[in-house]
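Hi,

Here is the structure I promised to pass on.

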Amino acid sequence: GREFSLKRMPSRKQTGVFGVKIGVVTKRERSKVPYIVRQCVEEIERRGMEEVGIYRVSGVATDIQALKAAFDINNKDVSITMSEMDVNAIAGTLKLYFRELPEPLFTDELYPNFAEGIVLSDPVAKESCMLNLLLSLPEPNLVTFLFLLDHLKRVAEKENINKMSLHNLATVFGPTLLRPSEKDSKIPANPMHPMAMTDSWSLEVMSQVQVLLYFLQLETIPTPDSKRQSILFSTEV
């Protein structure tokens with residue numbers, strides 16, 4: 001579907017939150033995790049945890065656009081708007097926020113390394129590699145990811161009701177958080193052979209899903225002391 005659009009948003013935009021670098025937003029808000037991420041997660045935890053297909057079922061596009069506009073103009077009544085919206089629109093707004101980041105949460109620079117780390121066969125080497133990469137992310141990216149990760153794990157705890165397993169959630173969010181930059185993409189810009197395109201595309205998406213699933217399945221993510229303080233502080237926002 002349209003969700004896997006590889007088109008990048010221009011990063012010139014400095015106002016609003018959609019299509020603006022995450023570090024710019026957290027600095028402006030003096031927050032650890034962007035307000036939009038916290039608000040959407042809170043609302044879903046309040047009333048969406050038992051919704052069948054949460055994050056997989058599409059919200060109504062006009063509702064998502066309305067929420068996007070409200071967050072972009074920093075509308076103080078956004079929580080009132082949210083409380084009246086179908087919960088799938090809130091889930092859709094959160095996914096759209098991550099999809100429209102000018103650079104994906106896992107960054108262009110580290111994306112190829114995550115893709116290499118996930119295929120390591122030695123579990124010890126793999127864990128060490130994946131955790132080192134994760135902790136190399138810029139702080140707003142790391143803290144926001146850990147905040148989202150905790151939330152997605154809580155969603156999956158209710159899998160028997162909402163039907164969203166860790167794998168289902170990884171399938172929805174993997175390609176949203178990890179996208180190759182145009183130059184690193186295995187997807188040919190003008191494929192000679194349409195079949196080659198779908199093969200390389202599906203392998204790429206599978207890899208993105210596997211990376212997120214890996215972190216969802218880790219029991220704990222040990223963080224160095226220097227970062228632990230700020231992370232502990234931030235997940236209580």
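Below is what turned up in the core and among the salt bridges.

First, some ground rules. This is a predicted model, so local features need pLDDT of at least 70 and side-chain atom pairs count only at pLDDT 80 or more, while totals for chains, interfaces and linings use all residues. Residues are numbered from 1 along each chain as its sequence is written, and side-chain values use heavy atoms, leaving out hydrogens and water.

**The core**

The largest nonpolar core has 69 residues. By that I mean a set of buried Ala, Val, Leu, Ile, Met, Phe, Trp, Tyr and Cys residues joined through side-chain atoms within 4.5 Å. Buried is under 20% relative accessible area, exposed is over 50%, and partly exposed is in between (1.4 Å probe, protein chains only). Tyr 55, Phe 98, Phe 106, Phe 114, Phe 145 and Phe 215 touch the most other members. Helix α8 (residues 139–157) gives the largest share of this core, ten residues. Helices here are DSSP runs (H or I, at least four residues), numbered from the N terminus. The core also takes at least three residues from each of domain 1 (22–100) and domain 2 (110–141); those bounds come from an automatic or database domain assignment.

**The salt bridges**

A search of the whole structure gives six of these. Each is a side-chain nitrogen of Lys or Arg within 4 Å of a carboxyl oxygen of Asp or Glu.

- Lys 32 pairs with Glu 139, with the closest N and O atoms 3.5 Å apart. This one links distant parts of the chain, 107 residues apart: Lys 32 is in the loop between α1 (22–29) and α2 (35–47), and Glu 139 is in helix α8. Lys 32 is partly exposed at 26%, and Glu 139 is partly exposed at 35%.
- Glu 100 and Lys 68 meet at 2.9 Å, N to O. They are 32 residues apart, with Glu 100 in the loop between α5 (87–99) and α6 (111–117) and Lys 68 in helix α3 (residues 61–72). Glu 100 is buried at 13%, and Lys 68 is buried at 17%.
- Glu 43 and Arg 46 come to 2.7 Å. They sit about one helical turn apart because they are three residues apart in helix α2. Glu 43 is buried at 8%, whereas Arg 46 is exposed at 54%. Arg 47 joins these two in a network of salt bridges.

Cheers

How values were computed
Helix = DSSP H or I, 4+ residues; strand = E, 2+ residues; numbered from the N terminus.
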